[in-house]
Amino acid sequence: MGSAMAPPMFRLPSRFRRLDEILADLPLDDPMLLTELDGYLTAIAVCPDGITPSEWLPPIWSGNFGEDAPFDDPLDVQLFTSMVTARHGEILRDLGRSKHQPIFDTDPRSGEALWEEWIDGWAMAMRLRPDAWSAVADGDDADAAAALADLLTLVDVAGDNMALTSVEINRICDEASAKIPADVLSLHTWCERHRAPATLRAAAATKPGRNAPCACGSGKKSKRCCGAD
C-alpha cells in the first residue's frame with residue numbers, strides 16, 4: 001500500500017505559500033518551514049494544557065518567552081504573527097467540525113505525502129508540556145492513548161530511533177499520512193472532554209474575527225477572504 005497523496009505546495013492557497021516563504025527567510029540556520037509549523041500548531045491546538053501564544057509563538061523563531069519575531073519593521077512582526085495565529089485558528093475551527101487536513105510536503109517524483117517534517121513539529125510542541133501528554137498516555141481513555149502512541153511511534157521512526165525491520169518501518173510509513181488526521185481527531189475529542197472551559201475559551205480566542213483584516217495581507221475582511229466557509 002502506498003502513502004496517501006498530498007497536494008503539492010504550489011496548489012496550496014497563496015497565503016500558505018507566502019507563509020512558507022516568510023519562514024524560509026527568517027535569519028536562522030535551520031528555520032521551521034510550513035509543514036513543520038503545521039505539525040507544531042496542531043499539537044498546540046490539541047494539547048491537554050492550554051498554552052498561550054506568548055509561550056508557543058517564540059519557539060517558531062528560536063526566541064524566548066514573549067519575544068517578538070526577528071523582523072526590523074514592527075508591521076512585518078504583526079503580519080507574520082497574524083498569519084501564524086490565523087493558521088492556528090483554522091486548525092481549531094476544522095477540529096471543531098471533526099475535520100483535520102494536515103499540510104504535508106510532497107515527493108515531486110511519486111506525489112506521496114512526506115509526513116516526517118510535520119511530525120517533527122508535533123514533537124517540538126509536545127516538549128512544551130510533557131507532563132500533560134503523559135496524562136493522556138497513562139489515562140483511562142484507550143482511544144486517546146492509542147492515538148498518542150501512534151504519533152509517538154512516528155516521532156521515533158522519523159528520528160530513526162526504533163529497532164524495527166525494514167518491512168515494519170515501511171508499513172508504518174505507508175500508513176502515516178492517513179493515520180495522522182484520525183489520531184489528531186481522537187486527541188481533540190479527549191481534549192474537549194478534559195480541558196477546563198476557561199482553557200477552551202482561551203484557545204478559541206486565537207481564531208481571527210470574521211470582520212478583522214485577513215492575515216494573508218490582502219486587505220480584505222477575513223470573512224471575504226481566507227476565513228470564508
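A disulfide here is a pair of cysteine sulfur atoms within 2.5 Å. Keep that cut-off in mind for the first stop, and remember that you're looking at a predicted model.

**Stop one: the cysteines.** By that rule, the model has 0 disulfides. Now click on Cys 173: its relative accessible area is 19%, and Cys 173 counts as buried because the limit is under 20%.

**Stop two: helix H5.** Select residues 116-126, which make up H5. Is this helix mostly covered or mostly open? It's mostly covered, with 8 of its 11 residues buried. Colour those in: Trp 118, Ile 119, Gly 121, Trp 122, Ala 123, Met 124, Ala 125 and Met 126. Then show what they pack against: helices H2 (34-46), H6 (130-137), H7 (142-158) and H8 (166-194).

**Stop three: H1 and H4.** Next, select H1 (residues 14-24) together with H4 (residues 74-96). Their axes lie 11 Å apart and the helices pack at about 130°, which means H1 is oblique to H4. Their crossing is left-handed.

Zoom in on where they touch. From H1, show Arg 15, Phe 16, Arg 18, Leu 19, Ile 22 and Leu 23; they meet Phe 80, Met 83, Val 84, Arg 87 and Glu 90 of H4. What classes of residue does this contact have? There are 7 nonpolar and 4 charged residues, with no polar ones.

Technical notes: Residues numbered from 1 in each chain as written. Predicted model: local features only at pLDDT ≥ 70, side-chain atom pairs only at ≥ 80, totals over all residues. Heavy atoms only, no water. Axes fitted to C-alpha atoms, helices over the stretch in contact; angles between N-to-C directions. Helix = DSSP H or I, 4+ residues; strand = E, 2+ residues; numbered from the N terminus. Parallel < 35°, antiparallel > 145°, perpendicular 65-115°, else oblique. Left-handed = near helix turned anticlockwise from the far one by under 90°. Contact = heavy atoms within 4.5 Å. Nonpolar A, V, L, I, M, F, W, Y, C, P; charged D, E, K, R; others polar. Buried < 20%, exposed > 50% of the residue type's maximum accessible area, 1.4 Å probe, protein only.
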